[in-house]
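Here are my notes on this model, written for someone new to reading structures. Keep the 3D view open and follow the points in order.

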Amino acid sequence: MGNNVKRLAILGSTGSIGRQTLDVARAFPDRLEVVALAAGNNAALLAEQASEFNPKFVSLTNGDFPSGVARLSIDEIAAHPDVDLVVVATAGKAGLSPTLAAIRAGKNVALANKEVLVMAGQIVMAKATKHGVEIYPVDSEHSAIWQCLVGEDRKSIRQIILTASGGPFRSLSPEELSKVIASDALKHPTWQMGRKVTIDSATLMNKGMEVIEAHWLFDVPVDRIKVLIHPESVIHSMVEYDDGSVKAQLGYPDMRLPIQYALSYPKRWYNEALPCIDFDQLKSFNFDRPDMANFPCLRLSIEAIEKGGTYPAVLSAADEVAVGLFLDGKIGLMDIPRLVEKALGAHRSMDNPTLEQILAADGWAREYIVSVV
Ligand code: MG
């Protein structure tokens, strides 16, 4: 392997983003080497991926792994000297510890797991600065903002316009929303995603968390981040500058594009598998303001980051548990914001929390949601 081959560790390789990262790796065997794969539970798919990509190491959090590949913990994989770039494609809280392990080991991180920044954005970004590493966004909106910022001075940002598809239920009444079941919510109109992020998209919690994510990644105050509904999901986000100029990044809604950019940056690679936009077919773009009354998760997220402390960690943990209960058919869709709001109201936040205090708040919120359902 030559020096210009990037050696990847893919954490969460059996999930939606992980599988699409492997799709990109498959397209560029001379530029990307898959050195390590980590999964939570899906031993069968991990074994299949390992036999195709021949990683040096694998990690499986729960279960037995049949093959002869060396097994390490997910944090050991994230910090391993044979790895150049760590792709964090885990979901929920699981990404925090390996992200910090990668940063401490001086590795750049391609971050798809937004809860890491929602929980502990201040700590993660401060450690990245301290260790001289970059956090490359994989989330499509944040990749768009990142691409719009190339060559610009961040001091001249007037506002970030974060686009949102609005999810599958943007035109439903409150009565209709309260009757939504998991199988309806798992059908997203424009994106193929994992289960948690699909439900978060339906409640707009995903967009709320993305406001927090953008705030930390680009060091922009929350009141300069505007959410705009754009149902076509072709404009992935925009940046408005001091002179009134607006830059936007557009692309066919396919996660492999932002994933690939995080792997190819600062270059762009030709990938014949990536679809292009056909503007003649599109005809028009639509925009709308988000419905804050029907989708309280957006408001709750903004309130949580404005109050700061351990509130965003509670938001994230309460949502993770509530989404799990919804997927299991135990609560309704609109119980998710109700429960998250209840947890935020009952929480006693700590200012400038340490990692331990953040994890304690996370644990408290998980127990609280279970105790009130
Ligand atoms: Mg997104």
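1. Start with tyrosine 136, which is buried at a relative accessible area of 11%. Buried here means under 20% relative accessible area, exposed means over 50%, and partly exposed is in between, with a 1.4 Å probe and protein chains only. Tryptophan 146 counts as buried too, at 8% relative accessibility.

2. A quick word on where this comes from: it's a predicted model, in which local features need pLDDT of at least 70, side-chain atom pairs count only at pLDDT 80 or more, and totals for chains, interfaces and linings use all residues. Residues are numbered from 1 along each chain as its sequence is written, and side-chain values use heavy atoms, leaving out hydrogens and water.

3. Now the rings. Rings of Phe, Tyr and Trp (its six-membered ring) pair if their centres lie within 6.5 Å; planes under 30 degrees apart are stacked, over 60 edge-to-face, and the rest tilted. That rule gives seven aromatic pairs. Tyrosine 136 and tryptophan 146 have ring centres 5.2 Å apart and planes at 20 degrees, so they are stacked. Tyrosine 136 sits in strand β7 and tryptophan 146 in helix α6 (residues 140-149), ten residues apart. Helices (H or I, at least four residues) and strands (E, at least two) are DSSP runs, numbered from the N terminus.

4. What angle do the ring planes of tryptophan 146 and tyrosine 261 make? It is 70 degrees, with the centres 4.9 Å apart, so this pair is edge-to-face. Tyrosine 261 belongs to helix α11 (residues 256-264), so the pair ties together parts 115 residues apart in sequence. Tyr136, Trp146, Tyr261 and Tyr265 form one aromatic cluster.

5. Back to β7 and its sheet. Seven strands make an open sheet in the order β4-β3-β2-β1-β5-β6-β7, with parallel pairing. β4 (70-71) and β7 (135-137) are at the edges with a single partner strand each, so one side of each has no neighbour in the sheet. Strands pair if DSSP finds at least two bridges between them; β5 (residues 85-88) and β6 (residues 108-111) have four. In one of these strands, β6, valine 109 is the bridge partner of valine 86.

6. Last, look at valine 124. Among the residues it touches are Leu96, Leu100 and Ile135, not counting residues up to four places away in sequence. Contact means heavy atoms within 4.5 Å.
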